[in-house]
Amino acid sequence: MAAANTQPVAASRAVEARKRRQREEELLVWPDLVFIEFISAVLFTVLTVALAVLVDAILLDRANPAVTPNPSKAPWYFLNLQELLLHMHPALAGVIVPTVALIALGAIPYWDNTAEGQGEWLSTPRAWLNTYVGAGVGSVGTLLLILFDDAQHAKIWEKLTGTDWPIPALRNLRAIQNEIPWPKSWLKVPLGDKVLRTDLLGLPKISLNINIPGLIVEQIIPLSTMVGLPILLSIVAWKTKIAQTKRDHMILQFSGFIAVYVTLTIIGTYVRGEGLALVPYTIFAGDH
Amino acid sequence: MAATESPERRSMGDRVYDAIFTNRLWRSIFRSGYPNTPRNQMLAVATNVFLHLHPTRIHRTHVKITHTFCLGGLSFFLFLGLTISGVLLMFYYVPSVERAYEDILALETDVRFGQLMRNMHRWMAHGMVLTVLMHMMRVFYTGAYKPPREFNWVVGVVLLVLTLLLSFTGYLLPWDQLALWAITVGTNMVGSAPLLGEPNRFVLVGGFQVGQAALIRFYTLHVIGLPLMAAVFMTVHFWRIRRDGGLARPL
């Protein structure tokens, strides 16, 4: 008999039983996890070596600042930003959007702090539905917006009817600036150097002149598209009961974001050729 | 003497086993015996500096490949592989505008296994960007960012940025047309930021255009600055997984 057990009798047999059941659900890390890690490491070493033997890393001509290749492209994981650059103000596409996107990404757990649906793949009731809807709307929407800015609707109209596109101001985004007879005074609204006090930071003074049509086309429309469409998506999904909980909306928006990111990357990589026109392109084709 | 207490002859296997796993050398390296009993298996994990990143026991569901697809582990594995192949590449590479491109050519033609090393480094780098992104998606879709794991998600986002920066800085080093112009396009994006964009771009590139100053800056960041930062954030990342109760589990 177990002698001299001074421990108090367990408060509840149920607690004891639960603990025992949890123990039974557990495995030892050695060997059960360590071996999986080992096998996976071996597998990926073999795969990497095989890939490295079969496919050589690309090396073009020596760097020459005097010869600008056409097209010049950023590394593939930044081609989504370079694609955005074609449709809006560079500060918005190159800096503000990625910064805001990263902050929003980091803020996800502080926003959706519900406990449901942890530890299992898409385990909440409408999780898969929201993934499909978010990914579908994100990819198709991005594609349509890019095709619009490339005036594809006008080109198709012209091909089908044989006549010019009837609304020149809606040929693409830039046409809103160029084809609408904006008042002359709107093209240069002087704000002087008292608005942006860069001199306080020790930087040169900036005399701010605002080109209102330019501002609308390069900043206001892209910004309201990028903010408005996701909000609209969430509202529609909420009204149609596709997304009901915080987690639903989170999955919807995250899936949309990933789809937009992937779509922009694919288009920036494979469908932007000379002059960054919308044509099939591969870097391995000509100059390797 | 009772036959059951001490058999006259121990088998050959037993004697070899004892010679390998119970001698003083083995014991001086591994404090526990060979991990063939539950006790020694737990000690093998708990007393090993590398393995003790893991708990000694783990829930059954977390060993299922489809739960994680090993993506976080693979990212770390690729980071280690990149460190090893990167060190080997450093033997042959001088970050100077005059020599860099020739060094890469020499690596491909004169150095034994040079092309293989460069290829592995390149493919592992692309692979790591992919596995880190997919790891983020795995954590999101399994809801593993929820409390108490919020902060580790933020650390993960920092690691994603560091991974992209590591890849971006390495992109310039071969000093070919692809490298020069990709970095020119990339750093011009930084330059387009309102007010502080141009000064930032100047600091990053070390001048008005991508040249020697940019090459040495990117090289230093690539081989020491960013890897150290990544190592620090990875330490926090792994530590927090344990502190926050291991992998997320259904309620």
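Chain B folds into 11 helices and 1 strand. Helices here are DSSP runs of H or I with at least four residues, strands are runs of E with at least two, and both are numbered from the N terminus. The model is predicted: local features need pLDDT of at least 70, side-chain atom pairs count only at pLDDT 80 or more, and totals for chains, interfaces and linings use all residues. Residues are numbered from 1 along each chain as its sequence is written, while chains are lettered from A and ligands numbered from 1 in the order in which they are written.

Read from the N terminus, the elements of chain B follow the order α-α-α-β-α-α-α-α-α-α-α-α. The C-alpha trace of chain B spans about 90 × 55 × 30 Å along its principal axes. Its radius of gyration is 25 Å, whereas a compact globule of 251 residues would have a value near 18 Å. This radius is taken over C-alpha atoms, and the globule rule is 2.2 Å times the number of residues to the power 0.38. Of the 251 residues in chain B, 37% are buried. A buried residue has 20 or more other C-beta atoms within 10 Å of its own, with C-beta atoms placed from the backbone.

The two chains touch through 65 residues of chain A and 75 residues of chain B. Contact means that the C-beta atoms of two residues, placed from the backbone, lie within 7 Å. On chain A, two or more residues each come from β1 (26-28), α2 (29-54), α3 (79-85), α4 (90-111) and α9 (246-270). α2(A) gives the largest share, 16 residues. By class, this side of chain A has 41 nonpolar, 15 polar and 9 charged residues. Ala, Val, Leu, Ile, Met, Phe, Trp, Tyr, Cys and Pro count as nonpolar, Asp, Glu, Lys and Arg as charged, and the others, Gly among them, as polar.

A strand pair crosses between the chains. β1(A) runs antiparallel to β1 (residues 57-59) of chain B, joined by 3 bridges. Pairing requires at least two DSSP bridges between two strands. A:Leu27 has B:Ile58 in β1(B) as its bridge partner.

Helices also meet. α2(A) packs against α3 (residues 38-46) of chain B at about 50°, with the axes 9 Å apart. α2(A) is therefore oblique to α3(B). Oblique angles are those left after under 35 degrees (roughly parallel), over 145 (roughly antiparallel) and 65 to 115 (roughly perpendicular). Axes are lines fitted to C-alpha atoms, for helices over the stretch in contact, and angles run from 0 to 180 degrees between N-to-C directions. Here A:Val29, A:Trp30 and A:Pro31 meet B:Gln41, B:Ala44 and B:Val45.

Definitions and conventions: A residue is buried if 20 or more other C-beta atoms lie within 10 Å of its own, exposed if 12 or fewer, and partly exposed in between; C-beta atoms are placed from the backbone.
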